[in-house]
Amino acid sequence: MTRHYSAEFLIFILFSIFISQASASSKINKKNKSFETLGSGWELYLEKSPEQTFNLIDNNTPADFTVTVPHEWNLEIKRFGATSPNTYGCYRYVCSNLEPGTKYALHMKESPGTASAFYINRKIIIQTGNPFAMLEKDFQLDPWHYSPSNSQSIPLYCEFEPDSKGTAEIVVLVSNYYYRKGGLWDTVYLGKADDIWRYNILTLVFYCIVIGSLVFTGLLNLFQFALNKKRTEYFFLGLASFAFAVRIGTAGYCSLGILLPSLCAEIKIKLELLAIWLVPVSILQIVFLIYPSNNRTVVFKFLKEKYLRYFLHIITLSMGLLSLVLPAYYSNKFVPYLQDILIIYSLYVIIFSISNLIKRKRYSLYNFLSFFTIAIGGIIDIIHSNSKETIPIPTLPFFILVFVIIQIIMLAAIQNDIYKETIKASDDLSKLNESYLRFVPKEFLRLLNKESIIKTKLGDYSNIEMTIIFSKVSIVNTNSKEVSLDENFNIFSEYLKTVSPVIKKYDGFVSKFLSGGFMALFPNSNLDAVRAALEIKDTIRKFNESEVCKNHTITPWLGIHFGKMIIGTIGEENRMDDTVISDTVNTAARIETVCEQIHKNIIISEAIYKRIPQEKLGKIQLTPLDVIYVKGKEKPLQLYEVHRKKQNAENLKEEGR
C-alpha cells in the first residue's frame, strides 16, 4: 500500500490550527478589547410587552429574573407558573461608560427567539419577524399551521449612539412562536461600529468559504457518481456535503437568511435539521461501501452488523422525514432524539474507523481523522445548542472545514491511486495486446478489418484471394547420426527466427508455425512470395555455415500457390484460434510435398506463373516441370521450379541436389 506521509502530516497540522482557532474564538471577549460580549447582568421580564417593561423600570419594580446570556427561558417559565416555552418576554441590559457621539453596534449571529425587536434608549432600531402578534389579546397559537408565519431568523446587526451620559439601555422583545426552547439564545456582541462590522463581515466570509467548500465538494462527488454509478460512496458523500452546507448556512451564523431574507424561520429550522439525520446515514453508508462487511456479526452469530445498520437507518430516516413534513412546532421536538441517535452513529463510525486504522486498511487514516473530526464537531454542536453558557459560540464550522479539507485530500489520494492503477492497467493491456499479437498477427486482423484483437469475436471471417507459401525443412546430421529432439527443436527455432524477417520484408506474414515448417500469406503480390522464397533459400546457405548448424544441414522446401481462401476465427467462446480454410492451402501443401519428392527447393503452381508478368521476373527464372499428379487432385498440376538465372548466381554457392 502506498503511504502518503506528507498528506497525513498536513492533516494533523490543519486539525491543530483549526482547533486552536476555535479555542481562541471562544475567548474573544478576553483577547479583543475593541468589543465585548454582553453576558451576565441581563434582566428578564416574562410575558411583559416593551411598554409594560418600561413602566416597571420607571417604577423601580425589579425584574422577574436576572440571567446570563446566551439564555433559554424554559426553566424560568416553569418557575413563573407556565408550562410552554412558546411565549414572550423582554430582556434588559444597561451599558455605561460609552463614548457619547460615537457609533456603536450590536451583533448576533442569529436573531433571538423566533421573532424579536431591539430597543436602544426606548427607540426601536431593528426588528426580525413580527414579535408583536403574540402580544395581542386574541392571539392563539396554531401548532399545525404551514403558512408563512410571524417568525424570522437572520444575522442581526444594528448601529446606535449612546446618550449624552454615555449610557445605552438595551431592551429586547423576544417572542417564541413554535421552538422547543425560547429566549435570547445567542451571544450578543457590543462594540464600536467599525469593529463590530469588520467582525461581522469576517464571520460572514468565513462561513461563505466553508459553505462554498462544502458545495464544491458535493458537486465534485455527484459528478464522480454520474461518471460511475457503481461508486455510490460518491453519491452519499455529495449528499452529506450539501446537508452540511445547509446546516452551516442556517445554524450558528444564519447566512441563508441574508440570501433569502423572506425565508420564514419554520422552513429554516427544517433545513437546519437535515444534517442531524441525513449526514449520519450518509457517512455510515460511505464507511461500509469503502469497507464492506456484510458477514460481520455483533455479539451473537445470528445478529449481522448490516441488520443493525439498517435498523438505525430506518429509525433515523423515519424521524428525519417526519421532522421534514410535520409543522415546525412538532418537527423541532424530534431534535433531542435525533441528537441521541447522532451520538450513537458517531461512536459507531469512530469505533469502526479505529478498527480499520489498527488493521492499516487503505485510506483508514483519512477516514478516521475526517469522521472523528465531524463526530466531535457534532457532539460539541449538541452541547452548544443545549448549553450556550458552556460553549458560547458555534464551533461546528471549524470542524466542518477540517472535514472538507481531509475529504479533499483523501479524494486526491484516491484519484492519484486510480490514475496510477489506470496507467498500470493501460500498460498491462498494451503488453497483453502485444502478447496476443505474437499468437494472432496484426496483419491477420487487418484482413478481418479489425483494429484490435479486443474487437475480434468468434465467427469473424473474410473471403480473400492471395498467395500462400507452405514450407517444411529437412534437418540432417552430417556425421550420419540421428538428430535428437533437442537439436531438432533448437535448430528449427533459430531457423524460424532467421526466415521470419525475410517474410515481413516482402509484406508477408507467418499465419501458422507448423511441425517442421510454416505457412505464410502474401496479400499484396504473387511476386512478393517468390522473391521471399528465393531470399529464404539464399539465407539458409549462410545459416548452414553458422555455429547453430554445426554438424547439421537444413534444407527448406517451399510450395507456393495462389487462390481463394477464407480466413477467420474458429473454436468456442472461451477458446478461439485463427485459421485459413481453403483448397488453396491444401494445394500449397501438396506442392511442398512434391518439392521433397523431386528435391526442388522452390516450386510454384501454374496459377502463380500466369499472374507474374514476364517483364518483372528480372533475375528470376521459372523452369516448367513435368505434369505431376498430386494427392487429392483429379487433374495433373503444371508446376514450375523457381531459381535465380545462372549468370546472376555465380557468386552463390549452389547447394547439392
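Modeller: A residue counts as buried under 20% relative accessible area, as exposed over 50%, and as partly exposed in between (1.4 Å probe, protein chains only). This is a predicted model, in which local features need pLDDT of at least 70, side-chain atom pairs count only at pLDDT 80 or more, and totals for chains, interfaces and linings use all residues. Residues are numbered from 1 along each chain as its sequence is written, and side-chain values use heavy atoms, with hydrogens and water left out.

Biologist: Okay, let me try that on F216. Is F216 buried or exposed?

Modeller: F216 is exposed, because its relative accessibility is 52%. You'll find F216 in helix 5, which spans residues 193–227. Helices (H or I, at least four residues) and strands (E, at least two) are DSSP runs, numbered from the N terminus. Now look across from F216 to A245: the two are 29 residues apart in sequence, and their C-alpha atoms are 9.9 Å apart in space.

Biologist: And V510, buried or exposed?

Modeller: V510 counts as buried, at 14% relative accessibility. V510 sits in strand 14, residues 509–514. From V510 to I468 you step 42 residues along the sequence, with 9.7 Å from C-alpha to C-alpha.

Biologist: Let me zoom out. How many helices and strands does the chain have?

Modeller: The chain has 18 helices and 20 strands. Of its 657 residues, 52% are buried. Contact means heavy atoms within 4.5 Å. Among the chain's contacts with a separation of 6 or more, 75% are between residues 24 or more positions apart.

Biologist: Good, now helix pairs. At what angle do helix 8 and helix 9 pack?

Modeller: Axes are lines fitted to C-alpha atoms, for helices over the stretch in contact, and angles run from 0 to 180 degrees between N-to-C directions. Helix 8 (residues 265–290) and helix 9 (residues 305–325) pack at about 165°, and their axes are 9 Å apart. The naming goes like this: under 35 degrees is roughly parallel, over 145 roughly antiparallel, 65 to 115 roughly perpendicular, and the rest oblique. So helix 8 and helix 9 are roughly antiparallel to each other.

Biologist: Which residues of helix 8 and helix 9 meet?

Modeller: From helix 8, the residues include W277, V281 and F288, and from helix 9 they include R309, H313 and L317. Sorted by class, the contact of helix 8 with helix 9 has 10 nonpolar, 5 polar and 3 charged residues. For those classes, Ala, Val, Leu, Ile, Met, Phe, Trp, Tyr, Cys and Pro are nonpolar, Asp, Glu, Lys and Arg are charged, and the others, Gly among them, are polar.

Biologist: What about helix 6 and helix 8, at what angle do they pack?

Modeller: Helix 6 and helix 8 pack at about 155°, with axes 8 Å apart. That makes helix 6 roughly antiparallel to helix 8. By class, the contact of helix 6 with helix 8 has 16 nonpolar, 4 polar and 4 charged residues.

Biologist: Now the loops. Where is S255 found?

Modeller: S255 is in the loop between helix 6 (232–250) and helix 7 (256–259). S255 is buried, because its relative accessible area is 10%. Leaving out residues up to four places away in sequence, S255 touches P155, L204, I211, I248 and G249.

Biologist: Which residues does the cis peptide bond at P70 join?

Modeller: The bond joins V69 and P70, with omega at about 5°. Look for P70 in the loop between strand 3 (65–67) and helix 4 (74–80).

Biologist: And what is the phi of N60?

Modeller: N60 has a positive phi of about 60°, although it is not a glycine. N60 is in the loop between helix 3 (50–58) and strand 3, and N60 counts as exposed at 67% relative accessibility. R360 also has a positive phi of about 60° and is not a glycine. R360 lies in the loop between helix 11 (335–358) and helix 12 (364–386), and R360 is exposed, with a relative accessible area of 54%.

Biologist: Last one: how many disulfides does a search of the whole structure find?

Modeller: A disulfide is a covalent bond between the sulfur atoms of two cysteines. Here the test is a pair of cysteine sulfur atoms within 2.5 Å. The search of the whole structure finds 0 disulfides. As for individual cysteines, C264 is buried, with a relative accessible area of 13%, and C595 is buried, at 0%.
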